[in-house]
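Have the sequence and the model at hand.

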Amino acid sequence: MTPDEKLPPPEDLLCQDVLRPFFHGRRLLIATQHGKEQVLLPILERGLGVRCDVTTGFDTDAFGTFSGERHRSGDALETARLKAEAVKQHYPEATLILTSEGSFGPSPQMPWAAADTELLYLWDSQWDRQNQGVWTAVFHTLETNYVSFVDYPSPECPLPEYPSWCSSWESLLEMTTAWGFPSHGVILGIKHVSGEGFSKIYKGIQDPVQLKQLFVQYSPDHQIRLSPDMRACFNPTRMRAIAACAEQLVTQLSILCPECAWPGFQQIKLIDALPCEACGLPTRLPASALWQCQHCQFQKKQPIQTKLINEENQATANPRDCEFCNP
Ligand SMILES: [Zn+2]
Ligand SMILES: [Zn+2]
């Protein structure tokens, strides 16, 4: 169990009907340029009882692009918040706005593996004056085809599992196939002869004929840079992560705070340590989940259900998870 793993919510707290007074029949505006509504719309309409609209012509890329032309100025949460504010300026009549941000890079728990962290930011300006209407959901997964980039030709492939690649078309095709091409798009950048920046960038390539043409045309006298296209509409793996994040948002909202009865009582971290069944010392496994209200910040500790119970009716951990019994 990793520190940000989500446990199923306590059943006594979970009830979809509780959302009716907050969202039912309202219009929710999804800010996306890259087709995220394909997965967001059905989940949010079913889960919250809203009717979704999608922004048209709103440039979400102005807040940063994966291909590096524009860098994100703040972290994912700040960027999602800025996006929501900008959408509000464009659509002053909107009272429910959803923005999203994906972040890719090494997993904090397993730095050798790439991870995708999706964030959804729901802003309800109906309650804005009391600062009550902001909810976020974060979904973290190792299921991603993200790699930062690979240069062709290059004396050495930056991905250690493919040491001999990075010269021929065959090696390029094998590499991109490993990224899920052609169902997943790739980005091909033609590096400037000076070595600084790009003279041209082709995005969203999903046609092997086009990819080969570009390789044949440019590789003899240019260095080209390849990366998977992480934009949702070119990346079914990422689209699944966005869907999972939306499901998580709906689940989080469906749990009302026991203190203030506002939606969005959610698990924020795992805490404490289960004692070892054999020696009684604290183990690597958490004993409780800490829940917190996104509105009033009320916190509640929820013990984690385990099968191992000792004579004192205490939850315990298997000795294999004990540093002392199983160093
Ligand atoms: Zn032990
Ligand atoms: Zn509360």
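Phe-265 is buried in this predicted model. The reason is its relative accessibility of 1%, because anything under 20% counts as buried. Phe-298 has a relative accessible area of 26%, so it is partly exposed.

Trp-135 and Trp-262 are both on the buried side of that cut-off. Trp-135 has a relative accessible area of 1%. Trp-262 has 9% relative accessibility.

A pair of aromatic rings is described by the distance of the centres and the angle of the planes. Nine aromatic pairs occur in the structure. Two of them are set out here.

| Pair | Type | Centre to centre | Angle between planes |
|---|---|---|---|
| Trp-135 and Trp-262 | stacked | 6.5 Å | 15 degrees |
| Phe-265 and Phe-298 | stacked | 6.1 Å | 25 degrees |

Where do the partners sit? Trp-135 belongs to strand β5 (residues 134-141). Trp-262 is in the loop between α6 (236-253) and β10 (265-271). The two parts are 127 residues apart in sequence, so the pair ties them together.

The pair of Phe-265 and Phe-298 also links distant parts of the chain. Phe-265 is in strand β10. Phe-298 is in the loop between β11 (288-293) and β12 (299-303). These two residues are 33 apart.

Trp-135 and Trp-262 also belong to one aromatic cluster with Phe-22 and Phe-23.

Which residue lies over the face of Phe-149? Arg-225 does, at 3.5 Å from the ring centre.

Methods
Residues are numbered from 1 along each chain as its sequence is written. Chains are lettered from A and ligands numbered from 1 in the order in which they are written. This is a predicted model: local features need pLDDT of at least 70, side-chain atom pairs count only at pLDDT 80 or more; totals for chains, interfaces and linings use all residues. Side-chain values use heavy atoms; hydrogens and water are left out. Rings of Phe, Tyr and Trp (its six-membered ring) pair if their centres lie within 6.5 Å; planes under 30 degrees apart count as stacked, over 60 as edge-to-face and the rest as tilted. Helices (H or I, at least four residues) and strands (E, at least two) are DSSP runs, numbered from the N terminus. Buried means under 20% relative accessible area, exposed over 50%, partly exposed in between (1.4 Å probe, protein chains only). A charge sits over a ring if NZ of Lys or CZ of Arg is within 6 Å of the ring centre and within 35 degrees of the ring normal.
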